[in-house]
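Then turn to its aromatic pairs and its nonpolar cores.

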Amino acid sequence: MKGIVHILMLMVLICVTHAAVPHNCTQAVIGVADDWNSSHVTLSVVEKDAHGRWVRVLGPYRGRLGRSGLVWGLGLHRNYRRATIKQEGDGRSPAGIFRIGGLWVTNKKTVKRDSRIPYVKVGPADLWVSDPAYPHLYNRHVRLNHPARSAWEKKEQMRQTDYAHSIKLLICHNTDNPRVNAGSSIFFHIWRRDGAAATAGCTAMNETNLRTIIARLNPSRNPVYILLPRAEYARLRKSWRLP
């Protein structure tokens, strides 16, 4: 493909495989849905205190998930052998444990954040590829050396004028050696219609709450996002070392 300058790999703070919440993780965003088919989620931020106990520091906040609910994603957790895994276009949010990555922003108001969190000011040359016909680019941020102009480039272009996507915080689903068709472009972003609308697979919330969470994130705490239905959270709490 002509015109691609580079694929930006700063999208994630770290993406490695663990069986559970990493021992060095002391900060987590937790999302709990009523069941696998719910598009509603309750979000909180927890941190370990000086005694190693998990304490809620933000929330609970209301949020929205994919219109069809949840399905297992590809992250730090291990999926059982026959688990149904997220697919491109299934309308479900990926469940599991995921690293939290960088920011992609068009919002005109400054997003307060730790300076170590990768930040991209999105422009007309920025793409996020969801086309399985380009496996080497799938689920990657690509910056062209010109504004998107071909039909394919415009289809893959990151949204320029969609306010709900003006602040996007990456959820690291399927970002480590991406599996084609296993779901792409999964972010935290601003919700639509004050929460009346579900997403296509992302986690959305009120803008104020999103900004508050971003401002709280501390890369030295190795933050993760834990998203599960309530029953799965209870079942896996001990074995996955969940807060």
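## Confidence

Over residues 4-18, pLDDT stays under 50. The model still has 53 contacts for this stretch beyond four places in sequence. Where pLDDT is low, predicted coordinates should not be read in detail.

This is a predicted model. Across the chain, pLDDT averages 93. A score of at least 70 is reached by 92% of the residues.

## Aromatic pairs

Searching the whole structure gives 7 aromatic pairs. One of them joins Trp36 and Trp72, with ring centres 5.1 Å apart. Their planes meet at 65°, and an angle over 60 counts as edge-to-face, so this pair is edge-to-face. The pair links distant parts of the chain, 36 residues apart. Trp36 sits in the loop between β2 (27-33) and β3 (40-48). Trp72 belongs to strand β5, residues 69-72.

Trp72 is buried, at 6%. The cut-off for buried is under 20%. Ring pairs also bring in Trp240, which forms a cluster with Trp36 and Trp72.

Trp104 and Trp128 make another pair. Their ring centres are 5.2 Å apart and their planes stand at 85°, so this pair too is edge-to-face. It connects strand β6 (residues 92-105), which holds Trp104, with strand β8 (residues 126-128), which holds Trp128. The two residues are 24 apart in the chain. Both Trp104 and Trp128 are buried.

## Nonpolar cores

In soluble globular proteins, nonpolar side chains tend to be buried together. Here the largest nonpolar core has 50 residues. Phe188, Tyr225, Ile226 and Leu242 have the most contacts inside it. Strand β6 gives the most to this core, with 6 residues.

What does Ile226 touch beyond four places in sequence? Its contacts include Val21, Ala28, Val29, Ile30 and Gly31. Gly96 and Ile97 are also among them. Leu242 is itself one of the residues with the most contacts inside the core.

A second core, of 9 residues, is separate. Among its members are Val120, Val122, Trp128 and Phe187. Trp128 is the β8 residue whose ring pairs with Trp104.

## A charge over a ring

Lys168 lies over the face of its ring, at 4.3 Å from the ring centre.

Key. Residues are numbered from 1 along each chain as its sequence is written. This is a predicted model: local features need pLDDT of at least 70, side-chain atom pairs count only at pLDDT 80 or more; totals for chains, interfaces and linings use all residues. Side-chain values use heavy atoms; hydrogens and water are left out. Rings of Phe, Tyr and Trp (its six-membered ring) pair if their centres lie within 6.5 Å; planes under 30 degrees apart count as stacked, over 60 as edge-to-face and the rest as tilted. Helices (H or I, at least four residues) and strands (E, at least two) are DSSP runs, numbered from the N terminus. Buried means under 20% relative accessible area, exposed over 50%, partly exposed in between (1.4 Å probe, protein chains only). A charge sits over a ring if NZ of Lys or CZ of Arg is within 6 Å of the ring centre and within 35 degrees of the ring normal. pLDDT is the predictor's confidence in each residue, from 0 to 100. Contact means heavy atoms within 4.5 Å. A nonpolar core is a set of buried Ala, Val, Leu, Ile, Met, Phe, Trp, Tyr and Cys residues joined through side-chain atoms within 4.5 Å.
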